[in-house]
Amino acid sequence: MTDHGQHHAPRDRSRVNLDEPYEVQYWMMEFSCTEQELRDAVRDHGDTVEALSAVLKKQPAANIMEWDV
């Protein structure tokens with residue numbers, strides 16, 4: 001039996017696994033960021049959600065301001 005879309009949330013919600021496409025999609029939505037921003041943040045700050053939250057939760061406001069200018 002195949003599992004069509006049953007894995008919407010990560011199995012380990014304390015870490016971001018960039019090797020799983022469904023996790024990349026989940027964390028992109030959670031952090032309101034692009035895939036490249038997520039990958040760059042993991043590269044620069046590690047894969048813990050705690051570390052990434054500090055970096056990526058701040059980005060949406062900055063991105064919105066850039067578009068409003």
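The structure is a predicted model in which local features need a pLDDT of at least 70 and side-chain atom pairs count only at pLDDT 80 or more, while totals for chains, interfaces and linings use all residues. Residues are numbered from 1 along each chain as its sequence is written, and side-chain values use heavy atoms, with hydrogens and water left out. The pLDDT, which is the predictor's confidence in each residue on a scale from 0 to 100, averages 81 over the protein, and 72% of the residues score at least 70. Among the helices (DSSP runs of H or I with at least four residues, numbered from the N terminus), H2 (residues 35-45) has the highest confidence of the protein, at a mean of 97, whereas H4 (residues 59-68) has the lowest, at 48. Over residues 60-69 the pLDDT is below 50, and this stretch has three contacts (heavy atoms within 4.5 Å) in the model beyond near neighbours in sequence.

In H3 (residues 49-56), Val49, Leu52 and Leu56 are buried, that is, under 20% relative accessible area with a 1.4 Å probe and protein chains only, where exposed means over 50% and partly exposed lies in between. These three residues cover an arc of only 65 degrees around the axis (taken from the directions to the C-beta atoms), which puts them on the same side of H3.

The structure also holds four salt bridges, each defined as a side-chain nitrogen of Lys or Arg within 4 Å of a carboxyl oxygen of Asp or Glu. Arg15 pairs with Asp47, the closest N and O atoms being 2.6 Å apart, and this pair links distant parts of the chain, with Arg15 in the segment before H1 and Asp47 in the loop between H2 and H3, 32 residues apart. Within H2, Arg39 and Glu35 lie four residues apart, about one turn of the helix, and form a salt bridge at 2.9 Å. By contrast, Glu23, found in H1 (residues 21-31), is buried yet has no salt bridge, and the nearest side chain of opposite charge, Arg11, is 6.5 Å away.

Note on methods
Helix = DSSP H or I, 4+ residues; strand = E, 2+ residues; numbered from the N terminus. Lys, Arg positive; Asp, Glu negative; His and termini not counted.
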